[in-house]
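Here's a quick briefing to read alongside the coordinates.

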Amino acid sequence: MKSSTFIQIAKGKTDIQQIETAELKSVIEEFPYFQAARALYLKGLKNQDSFKYNNELKLTAAYTTDRTVLFNYITSFKSEISKEETIHEQISSKLENNHQKETILSINADEETNTTTIIDKAEENLEIGKPLSFSNSESHSFQQWLQLSTKKAIVRTEEKPIKKTIKAEDIINKFIKNNPKIEPLEKGKTIAVPVTKNKQDAALMTETLAKVYLEQKKYENAIQAYRILSLKYPEKSGFFADQIKRIQILQKNKS
């Protein structure tokens, strides 16, 4: 890529289309720590609605010194699709989903030969692999998405046998020697027992986070996320119920 072309793209004077995206890919292959090029390549993938975007986002985060800057950058992406086209797509998608609902969810023993088709259709409707779009209020969802890439395989080492063993008799003798006393509680005083919250925080739940769990194949988390969203947004409860059923299809056939 010519330096003049790169500058024009960086200044926003040239759109990042398929050719520019391919050229930016060549740049980062030669200069992997060139953060500006990685960020622009990421935008090019988003413009192309590429399935490579989600994994590239994690890779870009790994090379980025300040992930806050990266988060602010990706949330500034503007869709090339007009509002009218978006509304039209949503209506068309809803009509298609209603038409196909019975086909997608009617799995029985006589339809085993169609299992692959049903799974593919469920993945298509769930938009698995589509670029994740984070809003500027979804930093929690963004961190959850990057969380999986930071996990490392556990290397188990052979445990060495303990040379010295403590006998039960020694423990009892030590207990008697120390003569411990249990102080009685003052009248009316109670002990506070900390409670661990296992449920997902409803305030932080968004559709993007539900998709994050889905992309990470955390199906139970995704189902719980859509249940929470159904309570938060009852007007979309039908859509969320359909999403849950599609996830259950994947969960059943990919377990």
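In this predicted model, Ile74 is in contact with Leu42, Tyr53, Leu57, Phe134 and Phe142, once you leave aside neighbours within four places in sequence. You'll find Ile74 in helix α5, which covers residues 67-74. Is Ile74 buried or exposed? Ile74 is buried, since its relative accessible area is 5%, and the cut-off for buried is under 20%.

**Around Ile74 and the nonpolar core**

- Ile74 and Ala39 sit 35 residues apart along the chain, yet their C-alpha atoms are separated by 8.4 Å.
- The largest nonpolar core has 45 residues, and those touching the most other members are Leu57, Ile74, Phe134, Phe142 and Ile247.
- Which helix gives the most to this core? That's helix α11 (residues 219-232), with seven residues.
- Leu57 has its own list of partners beyond four places in sequence: Leu42, Leu70, Ile74, Phe134, Phe142, Trp145 and Leu146.
- Leu42, Phe134 and Phe142 turn up among the contacts of Leu57 and also among those of Ile74.

**Salt bridges**

- How many salt bridges does a search of the whole structure find? It finds five, and three of them are picked out below.
- Glu56 and Arg38 pair up through their side chains, with an N to O distance of 3.3 Å.
- Glu56 belongs to helix α4 (residues 53-63) and Arg38 to helix α3, so this bridge ties together parts that are 18 residues apart in sequence.
- Both partners count as buried: Glu56 has a relative accessible area of 9%, and Arg38 has one of 5%.
- Glu127 and Lys211 also form a salt bridge, at 3.6 Å from N to O.
- Here Glu127 lies in the loop between α7 (115-126) and α8 (139-150), while Lys211 is in helix α10 (residues 207-215), so the pair links parts 84 residues apart in sequence.
- Glu127 is partly exposed, with a relative accessible area of 40%, and Lys211 is partly exposed too, at 29%.
- Glu207 and Lys236 make another bridge, with 2.5 Å between N and O.
- Glu207 is in helix α10 and Lys236 is in the loop between α11 and α12 (237-254), so what gets tied together is 29 residues apart in sequence.
- As for accessibility, Glu207 comes out partly exposed at 27%, and Lys236 does as well at 31%.

**Asn47 and its reach**

- Asn47 is found in helix α3, which runs over residues 35-47.
- What does the side chain of Asn47 reach? It gets to the backbone oxygen of Ile16, at 3.3 Å.
- Asn47 and Gln18 are 29 residues apart in sequence, and their C-alpha to C-alpha distance is 8.6 Å.

Note on methods
Residues are numbered from 1 along each chain as its sequence is written. This is a predicted model: local features need pLDDT of at least 70, side-chain atom pairs count only at pLDDT 80 or more; totals for chains, interfaces and linings use all residues. Side-chain values use heavy atoms; hydrogens and water are left out. Helices (H or I, at least four residues) and strands (E, at least two) are DSSP runs, numbered from the N terminus. A polar contact is a pair of N or O atoms within 3.5 Å; within protein, one must be able to donate a hydrogen and the other to accept it, and residues adjacent in sequence count only if both atoms are side-chain atoms. A nonpolar core is a set of buried Ala, Val, Leu, Ile, Met, Phe, Trp, Tyr and Cys residues joined through side-chain atoms within 4.5 Å. Buried means under 20% relative accessible area, exposed over 50%, partly exposed in between (1.4 Å probe, protein chains only). Contact means heavy atoms within 4.5 Å. A salt bridge is a side-chain nitrogen of Lys or Arg within 4 Å of a carboxyl oxygen of Asp or Glu.
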